[in-house]
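Open the structure in your viewer and keep the selection tool at hand. The stops below say what to pick and what to look for.

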Amino acid sequence: MEDNLSKQKGLLSQKILRLKPSGIRKFFDIANEIPGVISLGVGEPDFATPHHIRGAGIRAVQSGRTSYTSNSGLYSLRKEICDYTERRTGLSYQPESEVLVTVGASEAIDIALRTITDPGDEILYIEPSFVSYLPCIVMADGIPVPVGLKAENRFRLTAEQLENAITPRSKALILSYPNNPTGAVMERDDLEELAEVLRKHDMLVISDEIYSELTYGKEHASIAGSPGMKDRTILINGFSKNFAMTGWRLGYALAHKEIMEQMTKVHQYAIMCAPTVSQYAALEAMKHGEADAARMRESYDRRRRYLYQELEHLGFPCFEPEGAFYLFPDIREFGMSSEAFAMELLEEEKVAVVPGSAFGESGEGFVRISYAYSIDALKEAVVRIERYLRRKREAFR
């Protein structure tokens, strides 16, 4: 057999071969090979999972709670998720039939798309966006339709943009606020304007709210809370960002029972159930972890304000993010691609950021900087970025 299987007709899926690898991981792998790098690229909390949550997972192992759970997840966890969601958003869901515990929010996105998409359906998604949306749409045999957002509008989706992107084949919209990579949020009034358009065209929404707890200076708003939207929204969340539980790989989806019944069918054949030990840890997080989430949010907020002010001082154009843990500064003044800018910054000053192009064509001309790192690392990164920008600007004179 030839080494290059892709040349063998029919052995590998052409659909999968055409997908590009993650631009984030590609750049992160390069950065890992360079000693002394300050990496501001990966979107992962720098906190360890809180001690009492880790302890709950350890106790689950020690007591032998390592068997399968139901496909939907532990009932006690599903009930806590519903209670938590009602406390935080005012939305009421039934733990018996309207919640599914998944392997991270990423699985929830994937199975939501596979559940609702028939070949040829158009799935709209905002761009710049999390890197998984487009590939998951393609793998579900849908047609990805990016809706490019603008920095001058603080990367918010407007009702006019949405209306202009919809065709008779449009099935659903993927909405993700607070947003990765931009840090943008949507106000409740903005969401209600979108909801009016979505109801008019009888569309569904997959609302990725994984950063919901990382909203600064205001309450998080979910489109599922807009009039007439709860039953047409698949609300996705998880434990990775809110509770610093990335490696536990646990998320969840909330939706009308008829949607959830079909999502659970996909989940049971593909996954069986989410990791049992992780579910017991998540149960502890739901019951007793809100103070931890608040403490981490306050720390991120301090870093957010520090880094935003420093970039402003450097004359590095960037709107002030109101959610997640990213800034998305504008590099267009330098007349180079975002990938070239990021590579040059890495090579010359050993600071790793992510090219905006990794998040779609609308991200070109920007870079993503994560502030989920220690304040000391951020301070040193600012010193290095300042040196780099000074040299670039002197070269333009």
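This is a predicted model: local features need pLDDT of at least 70, side-chain atom pairs count only at pLDDT 80 or more; totals for chains, interfaces and linings use all residues.

The tour visits a few of them.

**Stop 1: R156 and D190**

Select R156 and D190. Their side chains form a salt bridge, with the closest N and O atoms 3.5 Å apart. R156 sits in the loop between strand 4 (143–148) and helix 7 (159–165), while D190 belongs to helix 8 (residues 188–200), so this pair ties together parts that are 34 residues apart in sequence. Is R156 buried or exposed? With a relative accessibility of 17%, R156 counts as buried, because the cut-off for buried is under 20%.

**Stop 2: R232 and D202**

Next, select R232 and D202. Here the closest N and O atoms of the salt bridge are 3.2 Å apart. R232 is in the loop between strand 6 (204–208) and strand 7 (233–238), and D202 is in the loop between helix 8 and strand 6, so the contact ties together parts 30 residues apart in sequence. Show the surface to compare the two partners. R232 is buried, at 17% relative accessible area, whereas D202 is exposed, at 58%.

**Stop 3: E349 and R387**

Now select E349 and R387, whose side chains meet in a salt bridge at 2.7 Å, N to O. Which parts of the chain does this pair tie together? E349 lies in helix 12 (residues 338–349) and R387 in helix 13 (residues 375–396), so the pair links parts that are 38 residues apart in sequence. E349 is buried, with a relative accessible area of 7%; R387, at 32%, counts as partly exposed.

Before moving on, select R154, R156, E187, D190, K218 and E322 together. Salt bridges that share partners join these residues into one network. R156 and D190 from the opening stop are among them.

**Stop 4: helix 12**

Select residues 338–349, which make up helix 12. This helix has twelve residues, and the distance from its first C-alpha to its last is 16 Å, close to the 16 Å expected at 1.5 Å a residue. Which residues of helix 12 are buried? They are S338, F341, A342, L345, L346 and E349.

Conventions
Residues are numbered from 1 along each chain as its sequence is written. Side-chain values use heavy atoms; hydrogens and water are left out. A salt bridge is a side-chain nitrogen of Lys or Arg within 4 Å of a carboxyl oxygen of Asp or Glu. Helices (H or I, at least four residues) and strands (E, at least two) are DSSP runs, numbered from the N terminus. Buried means under 20% relative accessible area, exposed over 50%, partly exposed in between (1.4 Å probe, protein chains only). The expected span of a helix is 1.5 Å times one less than its number of residues.
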